[in-house]
Amino acid sequence: MLRLNPIVEAKQLIPNHQFGFRIKHSTIDQVHRVTNVISKALEEKNYCGVLLDVAQAFDKVWHKGLLLKLRKQLPHTWCALLKSYLTERHFRVRYEGTITNWKCISAGVPQSSVLGPFFYLLYTADIPTNDNTMIVMFADDTAILSTRKDQQAATEILQTTINTVYNWTKRWKIKINGDKSVRVNYTLLAKLQIKQKMHKLYWLIGRHSELDLSSERLLYASIVKPIWIYGIQLWGCASKSNIGIIQRCQSIALRTIVAAY
């Protein structure tokens, strides 16, 4: 990858909207881009978005399609090397002493490997984009955003983009998980998960807990606290009323731990 990355960067093979598996591109950075668009849209009282989920993303990468794209993107020597790495792979299943015949693997990238995520990023790099919508991706998670004053206009633009993306996924044998793909009209409301976590942990950190204070604090710091500090770069400058909600939840959690009711 050390020798391959300079080629990828020089040719800009991975689009700017893809933040997955890239150096200096974190989930917080991508969420920051999305929240900026949402915040501006909320101020102007318009917004609409769609969240897409790719089913079995890394298991369904079509080898022939991937190799076709690699030939267009990379030098011949690299294509030949990556082809030898990707093809001629076989598998068989062992179950209770019975072993199946060897079968050829014609789809999917080797998981738990360095090249696996790299293959997926190149395979999905040509997802259709247009000037009317904003696409944000983190690996196989995709959001399509459209900002318009009129909700109907935003919906029509989104539908047109979705149709184009659907045709692209069909061509390259990528399956969208319909059950996990949703359309969202964003508002200022948000749900906190802190109370839910505290309720589940009450038997461990409540007044009847047999744990000592140090152990209860450790549970709070490792399970509850990460929920409300995640993305603090984004919500740290929120209004006092919104921050107050989190502070009150934290106070309740701490009073529960020390049995100060």
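## Terms and model

Ala, Val, Leu, Ile, Met, Phe, Trp, Tyr, Cys and Pro count here as nonpolar, Asp, Glu, Lys and Arg as charged, and the others, Gly among them, as polar. This is a predicted model: local features need pLDDT of at least 70, side-chain atom pairs count only at pLDDT 80 or more, and totals for chains, interfaces and linings use all residues. Residues are numbered from 1 along each chain as its sequence is written, and side-chain values use heavy atoms, with hydrogens and water left out.

## The second largest pocket

The lining of the second largest pocket divides into ten nonpolar, three polar and three charged residues. That makes a lining of 16 residues, with Leu-51, Val-136, Asp-141, Thr-142 and Ala-143 nearest the centre. Elements that give two or more residues to this lining are α2 (27–43), β1 (48–53), β6 (134–138) and β7 (141–146). Helices (H or I, at least four residues) and strands (E, at least two) are DSSP runs, numbered from the N terminus. The largest share, four residues, comes from α2.

The volume of this pocket is about 340 Å³. On a 1 Å grid over the protein atoms alone, a pocket is an open set of points with protein on both sides within 12 Å along at least five of seven lines, while a cavity is a set where a 1.4 Å probe fits but cannot get out; lining residues have an atom within 4 Å of a point. Grid points are joined across faces, edges and corners, and a volume is the space filled by probe spheres set on the points.

## Two cavities

A search of the whole structure finds two cavities of 30 Å³ or more. Helix α6 (residues 151–171) gives the most, with three residues. By class, the lining of the largest cavity has nine nonpolar, three polar and no charged residues.

The second largest cavity holds about 50 Å³ of space. Among its lining residues are Val-54, Gln-56, Lys-60, Tyr-120, Tyr-123, Lys-173 and Lys-175. This lining divides into seven nonpolar, one polar and three charged residues.

## Helix α3 against α4

Helix α3 (residues 63–73) and helix α4 (residues 76–86) pack at about 165°, with their axes 10 Å apart. Axes are lines fitted to C-alpha atoms, for helices over the stretch in contact, and angles run from 0 to 180 degrees between N-to-C directions. The pair α3 and α4 is therefore roughly antiparallel. Angles under 35 degrees count as roughly parallel, over 145 as roughly antiparallel, 65 to 115 as roughly perpendicular and the rest as oblique.

The crossing of α3 and α4 is right-handed. A crossing is right-handed if the near helix is turned clockwise from the far one by less than a right angle, and left-handed if anticlockwise. On the α3 side the contact is made by His-63, Leu-66, Leu-67, Leu-70 and Arg-71, and on the α4 side by Cys-79, Leu-82, Lys-83 and Leu-86. Contact means heavy atoms within 4.5 Å. These residues divide into six nonpolar, one polar and two charged.

## Helix α5 and its partners

The axes of α3 and helix α5 (residues 115–123) come within 10 Å and cross at roughly 80°. α3 and α5 are therefore roughly perpendicular. Gly-65, Leu-66, Lys-69, Leu-70 and Gln-73 of α3 meet Phe-119, Leu-122 and Tyr-123 of α5. The contact has five nonpolar, two polar and one charged residue.

α4 and α5 pack at about 115°, with axes 13 Å apart. Their crossing is left-handed. Leu-82, Tyr-85 and Leu-86 of α4 touch Leu-115, Phe-118 and Phe-119 of α5. This contact has six nonpolar, no polar and no charged residues.
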